[in-house]
Amino acid sequence: MTRFFSAAIAAVVILVLAGAAPGQDAKDPAAVIDKAIKALGGEEKLSKAKGIQFKASAKFRFGDNESEGTIEGTSQGLDHVRRVFEGEFGGNKVRGVTVVAGDKGWRKFGDNAMELDSDGLANEKRRIYLSQIPMTIVPVKSKGFKIAAAGEEQVNGKPASGMKVTAPDGKDFTLYFDKETGLPVKLVADVVGFGGDEFTQEMSFSDYKELDGIKVATKLEAKRDGTTFQEMKITEFKVLDKVDPKTFAEPE
C-alpha cells in the first residue's frame, strides 16, 4: 500500500511538472528577462555598452499633418542623453536639441532655449529609460527596479509575455517579449508630452538586425492613445565604451 501511494504521488508530481513546463518562463519574470538579454547579445556584452549612439530617419504625425526628419541620439546609462532632431514643420526647417546630464537638462528648439525644470527633467529621464531599457534590458536587474509578470497577449500575431516594470521613480510600464525569440516587441507606458499633456504611449519594436555585436530593433513605431505619432528607422547604430563628457554640455 505504501508503495502504491508513493508511486501515485510521484506520478502526480511528474504530470504537474510536465504541464507547467511549457509556460513556465511566462510566469517567471527572471527567466523572461534572462532570455531577452541572451537574445539581444548576452549580459556580458550588453553590460559593456557604456554608451549607445544611433541615427534614424523619422516621420511624425500631428493630426492630418506629417513631417519627416532625422534623429541622432547619444546616451550614457539612464541619466545622460543628447538627442538632435532636424526636419520640417509647417514648411520651415527646424532643429531641436534635448540634453540631460544627471540632475540638469536643457531643450533648444530653433532659437528658443530653456533649462528644464524639475518636472521637465523627471519626464525626460523617464523617456530615457523607456527608450534605453528595450535595447539592452540589463538595467531592470539593477537595484531600484521591480519586475512582475503581467500576462500574455498577441503582438504582431505572435504570443508575447508581458512584464510589469516599476522604475526607481515609482512609475511603471509594461514590456512584452516574443515568447519564441525572447526579443522585446512592445512597450506600453503613460507619459507626459512637451506641452504637459498626458497620454498612453505604445512602442513597437521590429526588424531586428545585429549591429555592432548586439541585436537591434531597426523599426520602431510609437502610438499615442492608439494613434500613430512617430515612425523611426535606425540607419546607424554604435556601442560606445565611453562617451565624451562634452556630449552632454548645454546646447549652444
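Leu211 is partly exposed, with a relative accessible area of 24%; partly exposed means between buried, which is under 20% relative accessible area, and exposed, which is over 50% (1.4 Å probe, protein chains only). The model is a predicted one, in which local features need pLDDT of at least 70 and side-chain atom pairs count only at pLDDT 80 or more, while totals for chains, interfaces and linings use all residues. Residues are numbered from 1 along each chain as its sequence is written, and side-chain values use heavy atoms, with hydrogens and water left out.

Leu211 belongs to strand E11; strands (E, at least two residues) and helices (H or I, at least four) are DSSP runs numbered from the N terminus. Not counting residues up to four places away in sequence, Leu211 touches Val216, Thr218 and Phe237, where contact means heavy atoms within 4.5 Å. Lys238 lies 27 residues from Leu211 along the chain, and the C-alpha atoms of the two are separated by 7.3 Å.

Asp207 is also placed in strand E11. Asp207 is partly exposed, at a relative accessible area of 31%. Its phi is positive, about 55 degrees, although Asp207 is not a glycine. Most residues other than glycine have a negative phi. Asp225 likewise has a positive phi, of about 50 degrees, and is not a glycine.

Asp225 sits in the loop between strand E12 (214-224) and strand E13 (227-240). Asp225 counts as exposed because its relative accessibility is 54%. Together with Asp190, Asp197 and Glu198, Asp225 forms a negative surface patch. Such a patch is made of residues with over 30% relative accessible area and no salt bridge, with like charges joined within 9 Å and nonpolar side chains (Val, Leu, Ile, Met, Phe, Trp, Tyr) within 5 Å. A salt bridge is a side-chain nitrogen of Lys or Arg within 4 Å of a carboxyl oxygen of Asp or Glu. Asp197, one of the patch residues, is found in the loop between strand E10 (184-192) and strand E11 (198-211). Asp197 counts as partly exposed because its relative accessibility is 40%.

Thr74 is found elsewhere, in strand E2 (residues 65-76). Thr74 counts as buried because its relative accessibility is 9%. Leaving aside neighbours within four places in sequence, Thr74 is in contact with Ile52, Gln53, His80, Val81, Arg82, Leu240, Val243, Thr247 and Phe248. Val99 is 25 residues from Thr74 in sequence, and the C-alpha to C-alpha distance between them is 9.6 Å.

Notes:
Areas by Shrake-Rupley, 256 points an atom, 1.4 Å probe, with all protein chains shown as cover. Lys, Arg positive; Asp, Glu negative; His and termini not counted. Charge placed at Lys NZ, Arg CZ, Asp CG, Glu CD.
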